[in-house]
Amino acid sequence: MNGKVTLENMSVHFGNNHAVKNVSMDFAAHSVTAIIGPSGCGKSTLLRSLNRMHDLVPSAKVSGTILVDGKNLYDRSIDPVAIRRKIGMVFQKPNPFPAMSIYDNVVAGYKLNSRMNRAVADEIVETCLKRVALWDEVKDRLKSSAMDLSGGQQQRLCIARTIAVQPEVILMDEPCSALDPIATLKIEELIEELKERFTIIIVTHNMQQAARVSDSTAFMYMGELVENGATKKIFTTPEKKQTEDYITGRFG
Amino acid sequence: MLQQSSLTMKNVAIAGEEIESQKSRGSNADRIFRIVTASFAGAVLVILLIMVYEMVMQSVPSITKFHWDFLTKSSWDAVQGEFGALPFLYGSVVSSALAILVATPLSVGTALFITEIAPKSVGNITASLIELLAAIPSVIYGLWGVLVMAPWLQKTVQPWLVDHFGSTPFFSGAPYGVSMMAGVLILAIMIVPIITSISREVLLAVPQSQREAAIALGATKWEMIRMAVLPYGRSGVFGGVILGLGRAIGETMAVTMVIGNTPQISLSLLAPAYTMPSVIANEFAEATSNLHSSALMEVGLLLLIVTLIINVFARLLIWKVTKGAKGGGV
Amino acid sequence: MQGMTVRHIKNHAARAIMLIATLILLTPLCLIFFHLLKMGFSSLSLDFFTQIPKPTGESGGGMANGIFGSSLLILFASLLGLPIGVLGAVYLTEFNGGRFATTIRFSADVLAGVPSIITGMVAYSLLVLPMKGFSALAGAVALSLIMIPIVLRTTEEQLKMVPGTLREASLALGVPLWRTSLKVILVSARKGVITGILLAVARIAGESAPLLFTALGNQFWSRNLTEPIAALPLQIFSFAIAPYEEWHRLAWAGALVLVVTMFTLNLGARLIGRRS
């Protein structure tokens with residue numbers, strides 16, 4: 001099986017700490033894959049190695065193979081800066097740039113890199129804000145600070161910012177953990193829509209969320225991949241005892 | 001709606017390609033960025049090393065000529081080419097030490113007043129007033145010292161001291177105004193803000209639980225301060241005092257303006273004196289012979305060594321204390 | 001019961017001593033302000049800002065050349081010192097850790113403690129000796145050496161306070177590290193950085209010791225960087241120790257102008273800092 005992103009024997013070490021252990025799995029294109037597991041199980045670490053965010057941590061070492069479209073992500077010829085445009089990321093807490101307006105946040109990925117055509121920028125802002133269903137709420141105050149938005153709006157803005165650079169894969173690291181239930185619901189609906197265009201990998205500790213939004217689910221425990229497969233199957237007839245214990249709430 | 005959206009996304013894709021062409025430059029640019037910023041940061045170390053190197057090299061003629069005599073002889077004569085720095089060493093050490101002696105109790109008392117006793121608003125106002133004091137340039141302390149304080153010392157304070165304590169060596173001689181005493185007082189005024197603000201920071205870092213523990217045992221405020229606050233903050237306050245000492249030793253303008261600039265060693269606080277920075281300030285621009293400027297450079301080198309030792313020591317102390325406080329306790 | 005009273009007396013005595021210490025400490029502060037305002041305002045006139053010092057014995061004159069000279073020195077010291085301080089701090093935040101960064105931090109702290117007169121001597125032997133003459137340039141270099149460690153350390157403090165999530169957000173958008181640091185991190189911390197810069201400018205604006213044998217001072221106008229130049233603090237110094245009443249008055253006026261400038265800078269720095 002060839003997915004959009006393929007892991008082969010992938011491990012992450014922080015110094016002597018073996019945080020992700022020999023994980024092999026596929027992430028299918030145009031689908032939502034959820035990674036679940038108790039906190040500290042390595043799921044966020046795994047996610048962050050998929051767009052080379054660990055490059056900034058000197059003690060972090062990624063080994064094994066990560067293939068994106070069949071190319072090794074950690075190959076010498078790959079520019080980590082370029083790859084992050086192809087593989088976008090949405091973070092746990094909404095993190096819009098505080099010194100920028102709503103408008104500038106959406107086109108931040110471009111603006112920080114080059115001067116851009118005003119008309120093109122306007123287009124991008126409108127399209128992306130519409131895609132995240134934020135346009136109607138903010139179209140009259142695009143120049144005001146992104147910090148004036150509510151938490152849920154900020155997170156949708158961050159998603160707009162991510163899709164504005166036209167990634168192929170979007171990584172989401174517990175994107176709803178700082179949000180209230182209504183804002184969470186909106187993000188979940190958005191994820192459902194986005195998968196038509198993007199490959200989405202979402203880390204969550206909320207099992208209901210995984211069940212609601214994902215097509216397939218991977219369960220991790222103590223740095224190891226315990227089980228992965230179709231979400232329906234994982235949540236109804238898991239093969240491993242550990243998975244069953246976790247999803248029925250017996251631990252974690 | 002969907003159609004329109006896919007149409008506009010095409011534009012987005014075009015804009016995306018503009019960026020595409022820049023991608024490959026990314027990590028090279030980051031490497032250059034690292035090298036450039038590292039060299040700017042490295043400049044700080046280079047400056048320090050050049051500073052020490054220059055001072056040493058310029059002092060060599062004086063060092064080779066006078067050896068240890070430079071530190072033990074007290075004649076300073078540019079005409080004869082005899083240079084002994086003892087009076088300046090004495091003046092610097094005594095004026096700074098006495099200034100610390102005057103400033104420390106006042107500063108610690110004030111810091112305690114601000115953090116432990118005063119209502120918050122009074123404490124804050126006092127603290128900002130003292131910070132203002134720290135922002136006043138040295139030359140203005142000197143101006144006030146020479147035009148207001150020295151005449152007052154000469155007319156009021158020193159005659160009284162001569163009348164009552166004139167028989168002791170410390171207050172003998174004629175009241176000049178400009179004197180060791182004036183130097184000490186102006187230095188004390190100038191280092192008070194440093195010691196006070198560092199003491200205040202250190203005292204504020206004492207965990208509230210320490211104070212509460214003492215109060216819960218039935219301690220009065222003073223007992224609480226003695227039991228819980230002072231022991232906890234002692235080494236930090238000490239670091240502040242040492243830092244104040246470093247400032248006092250290196251202080252130039254204000255001292256030069258009030259200490260009298262006479263290279264002599266006298267026990268009397270009423271007598272004029274001279275300090276290391278002052279002699280540099282007064283003579284360096286006009287030094288005619290190479291030996292004279294080299295001797296002044298050596299005075300500067302001594303000053304540099306003393307302040308480096310003092311500062312390293314103080315930094316280590318304060319660093320240890322604040323690190324301990326961040327770690328959540330001792 | 002007896003013990004209790006003794007303890008309370010001790011307590012009150014200790015409190016009284018602290019209050020007295022505070023009052024003693026504030027007395028010279030108030031006196032300095034009092035004299036500065038009284039003497040300064042009574043001596044200040046429009047001439048002060050437009051005239052240069054009159055020759056000995058003549059009355060009137062001002063310190064216009066000193067104000068101009070100080071501004072020029074500060075400008076060039078900033079041009080030299082700010083890039084080193086700010087970009088050095090960017091390095092310390094972005095490539096934190098390692099023995100090199102620790103060495104730099106330590107050097108900056110030590111450098112900040114070096115007496116400013118030594119800085120002047122070093123600038124003298126690096127510039128005045130080879131150029132065979134006192135110059136504004138040497139003065140600016142001496143001032144920049146004082147400025148660098150201050151700007152470096154305050155900027156680093158401010159950059160460290162920018163949440164790491166912003167850096168991640170920018171990098172995740174495929175923005176290179178150098179643009180991330182300069183356009184996201186530095187921009188986010190700009191208010192704090194400007195505060196630090198203003199405080200450093202205030203600090204060098206009042207320095208006179210490092211200028212004594214670099215910029216030297218000048219009784220007349222000079223716009224030439226390779227010539228000696230007047231500076232306000234230097235003029236205050238030489239006028240204060242001169243034996244003429246008239247010059248003392250000018251020194252007071254200069255002191256008032258200098259203090260007001262520095263307090264304005266400090267206050268501005270604090271206001272900007274507080275808003276962030």
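A: **Patch, interface and sheets**

B:Val52, B:Tyr53, B:Val56, B:Met57 and B:Val60 make up a nonpolar surface patch that together exposes about 390 Å² of accessible area (Shrake-Rupley, 1.4 Å probe, only the protein chains shown counting as cover; patch residues have over 30% relative accessible area and no salt bridge, nonpolar side chains being joined within 5 Å and like charges within 9 Å). B:Tyr53 belongs to helix 2 (residues 25–66) of chain B (DSSP runs of H or I, at least four residues; strands are E, at least two; both numbered from the N terminus).

The model is predicted, so local features need pLDDT of at least 70 and side-chain atom pairs pLDDT 80 or more, while totals for chains, interfaces and linings use all residues. Residues are numbered from 1 along each chain, chains are lettered from A and ligands numbered from 1 as written, and side-chain values use heavy atoms without hydrogens or water.

Chain B also meets chain C: 74 residues from chain B and 79 residues from chain C take part in the contact (heavy atoms within 4.5 Å). About 6900 Å² is buried between the two chains, 82% of it from carbon and sulfur atoms (accessible area lost on being put together, 1.4 Å probe, summed over both). Two salt bridges cross this interface (Lys or Arg side-chain nitrogen within 4 Å of an Asp or Glu carboxyl oxygen). B:Glu223 and C:Arg7 form a salt bridge, with N to O at 2.7 Å.

In chain A, six strands form an open sheet in the order 6-7-8-3-9-10, with mixed pairing (at least two DSSP bridges between strands). From one strand to the next the twist averages 15°. Helix 8 (residues 181–194) of chain A packs on this sheet, touching strand 3, strand 7 (169–173) and strand 8 (199–203), and its direction makes about 150° with that of strand 8 (axes fitted to C-alpha atoms, for helices over the stretch in contact; angles from 0 to 180 degrees between N-to-C directions). Within the sheet, strand 3 (residues 32–36) and strand 9 (residues 216–221) run parallel and share four bridges; A:Ala34 has A:Thr217 of strand 9 as its bridge partner.

Chain A also has an open antiparallel sheet of four strands, ordered 2-1-4-5. Strand 2 (17–27) and strand 5 (71–72) are at its edges with a single partner strand each, so one side of each lacks a neighbour in the sheet. Strand 1 (residues 5–14) and strand 4 (residues 60–68) are joined antiparallel by eight bridges, and A:His13 stands opposite A:Lys61 of strand 4.
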